[in-house]
Amino acid sequence: MDTLDVARWQFGITTVYHFIFVPLTIGLAPLVAIMQTAWVRTGNERWLRLTKFFGKLLLINFAIGVATGIVQEFQFGMAWSEYSRFVGDVFGAPLAMEALAAFFVESTFLGLWIFGWDKLPKKIHLACIWAVAIATNLSAYFILAANSWMQHPVGATFNEERGRAEMTDIGAILTNNTLLAAFPHTISAAFLTAGTFVAGIAAWWMVRLVRAGQADKARDVYRPAVVLGVIVMVISGVGVALSGDQQAKLMFEQQPTKMAAAEALCQTTSSVPFSILAIGPLGTGADCDKVTHLLEIPGALSFLATGDFSATLQGTDQLQQEYEEKFGYTDANGEPISYIPNLAVTYWGFRLMIGFALGSAALALVAFWVTRKGRVSGNVWVGRLGIAAIATPFLASSFGWIFTEMGRQPWVVAPNPNPGGVDGVWLLTARGVSTVTSTGTVLTSLIAFTLLYGVLAVFWYRLMHRYAIQGVADSEHDPSPDNPENDPDTAHERPLSFAY
Amino acid sequence: MELTTVWFLLIAVLWTGYLVLEGFDFGVGMLLGLLSRGDRATKDRDRRVMINTIGPVWDGNEVWLLTAGGATFAAFPEWYATMFSGFYLPLLLILLALIVRVVAFEWRGKIDDPRWRSLADRCLMVGSWVPAVLWGVAFGNLVRGVELDADHQYVGGFWALLNPFALLGGATTALIFLTHGAVFLALKSDGDVRVRAGAFAARASVVTLVVAGAWAVWAQLAYSVPWTWAAVVVAAGALVVLVVAAQRRKEGLAFTASAVAIVAAVVLIFGSMYPDVMPAFDPANSLTVTNASSTDYTLTVMTWVAAFLTPLVLLYQGWTYWVFRKRISADRIPDHTGLTFEKLPALSTPDK
């Protein structure tokens, strides 16, 4: 392995780790805010109990999301310094905006929310969790603006003298069509994750209570949570599908190698089928022709890409030739460049993403059916499905990102093929890695991060599991200073409502 | 004023915010082991008093670092690239420390078990000591200059970063943060912790004055420009005030003085570097505000964003400090509410 491989593994591992926790935070913060809003508006303590219950899970998750996120802010400079030099003028702006506009808000107002239950008026306290919820989503927007620019650079020009990309239009970067498709897709997936999480845990509890003869409690507290989860899953599920379709259409236009690889489509053909299952040596682009497609839907890929069942799509062989003519046959070391990403990863990443997303759909259908018209269910399989479904959107998100990022290879900044696109603004991943940093140094950090993250993930899982099976507290009295029982004048004499 | 200079100043401001605010967070973390006494339960109570003085604010304080990092990337990409790839291993240690610190804060109270808490406390202490020392080492090297080649790449290696001047810088930041944390605790807590923190600050401030003073004078004489004498004088004056105020237990004044000392230190550090952002041993290879910067367009866009958002951040962070302005004492710490890994809840009727 050389520095490039180690640095790629490190970025992949740390980012996939980070994005295990991120979607849950993005989706769960608004759901907790909705629960708390329901409590403030209706005064029904069921919603206070659910707010506190899912709030605890949100905080356990938020901590590790922050911890794994810190690394990302610096990793560009550490392991990818040449990339940072090339793109910094453009790429740094959304990162800095994210910190200024979103990180400050979420960290500050989360502190106010955690510790402010008995210090802030009820509505101000509620506004704090809404500020957190909005800021987590805003943060996703900025970081996706940065990532979308790497997939489809806009609003920039290449400065030959300095050998770098330079920003010309921040508006174009913040309205990049890739961003406008990636943001809804990512956010919908995050809401799908959180909806599945809430519905899954609540369904398990509902079943458990019904079987223990406490159907009233199941109906009173957990059924509303299941219903809320199902509503969120249905809306976000539709959002995921629609935005995914939009994204795929853009990808065919803007990153044809990614989509051709994702379909193991070797030759340019018309009326292209959508491959559901394929076998063969799915490795590098060179093996494409040896792949056998077992199960296909005729014309479906052409339709997905263009809206026309008979449309012609470019295959990897032609794309490789076209890219070689445009960007060169060999790299700086005289090695031939493959412009086609790893077929196995892109082909299966795409299918696993879609496949795992169906886990949420299964839970949504079942949970919707068993809770219809005020019913609760004691069917043990409903509880088991609830638990099993929780993992699926996490897996779908991971595979989706692995597909998106590995499908961009060999580029770290993919060329924008649109006519009048930004000439010269592209960079091979091999040219982006730090040159002064030794392989041993990056290997050290790779091992350190992987081990530490591994240990933390185990603790995270045990904490989440432990708190989930604890369930809602049986009584949660209104802790706010608006409660007549809590005299604000003597607040500083009472124990803190929350302390680490 | 040139936008490049504006951004140099703004990054100095972000670092000032980070070091002043996280300075006492680090100090509190470092003092967890030093100021808690008695049997296990009393010790834990003391530690919870300390941790909760910064409970609602430490996360927001840490964001100043992420923003300083992001702003450096946006405004001076060459600086960002050279510094973080060059100082790779020290930065790795800082990141590992910050990671364990974050999760220790949030997860400490989640499990009601003395071993779990003691593990979290060790993470908090290590997570505070390591960056407190290493940030000083890093800034010491920035002031002193480092070995950059003609492509502005750092080629000095890891061990060159551990020179006497930089190590004294590490000792300086560690001591300043320890004292800053102690005066913060004296200001924000009540009872035993307040008394002990006051006594600790009284002693630590003297050592800090000597070590930090020595480092500042060394920096000024060896690596700086005439006008930064003003910063050295202000820092020295603030440290003297800090010593006197700490002896007399004037908690508010002592905290103000330690904060002013940190601000003066940042002025000295950034004043010494300017117009370089990363001085090289061979001045021809130095990264300057000009050759490391982004384009005028990027800087203009970012200036608007920063001009609009930075005052807002100061406003709502200031409000947070106001909301949580009351002192925290041991009798206000609630009982542990954490669960244990062992005990599982049983429902009244067993599951069929």
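How far apart do the C-alpha centres of domain 1 of chain A and domain 2 of chain A lie? They lie 24 Å apart. The model is predicted.

## Domain layout

Chain A is split into domain 1, domain 2 and domain 3. Domain 1 takes residues 1-175 + 408-470. Domain 2 covers 184-251 + 342-393. Domain 3 runs over 256-340.

## The contact between domains 1 and 2

In the contact, domain 1 of chain A supplies 24 residues and domain 2 of chain A supplies 19 residues. About 1900 Å² is buried between domain 1 of chain A and domain 2 of chain A. Carbon and sulfur atoms give 83% of that area.

On the side of domain 1 of chain A, the most area is lost by Leu31(A), Arg46(A) and Phe54(A). Together they account for 25% of what that side buries.

The side chains of Arg46(A) and Asp220(A) form a salt bridge, at 3.2 Å from N to O. Arg46(A) is also one of the residues in domain 1 that lose the most area to domain 2. Between domain 1 and domain 2 of chain A, two residue pairs are in polar contact, both at pLDDT 80 or more.

## What domain 1 brings

Four elements of chain A each give two or more residues to the side of domain 1 that touches domain 2: helix H1 (3-42), helix H2 (45-79), helix H4 (122-151) and helix H13 (439-470). H1(A) gives the most, with 10 residues.

By class, this side of domain 1 of chain A holds 19 nonpolar, three polar and two charged residues.

Technical notes
Residues numbered from 1 in each chain as written. Chains lettered and ligands numbered in written order. Predicted model: local features only at pLDDT ≥ 70, side-chain atom pairs only at ≥ 80, totals over all residues. Heavy atoms only, no water. Domains from an automatic or database assignment. Contact = heavy atoms within 4.5 Å. Buried area = accessible area lost by both parts, 1.4 Å probe. Salt bridge = Lys/Arg side-chain N within 4 Å of Asp/Glu carboxyl O. Polar contact = N/O pair within 3.5 Å; in protein donor to acceptor, adjacent residues only side chain to side chain. Nonpolar A, V, L, I, M, F, W, Y, C, P; charged D, E, K, R; others polar.
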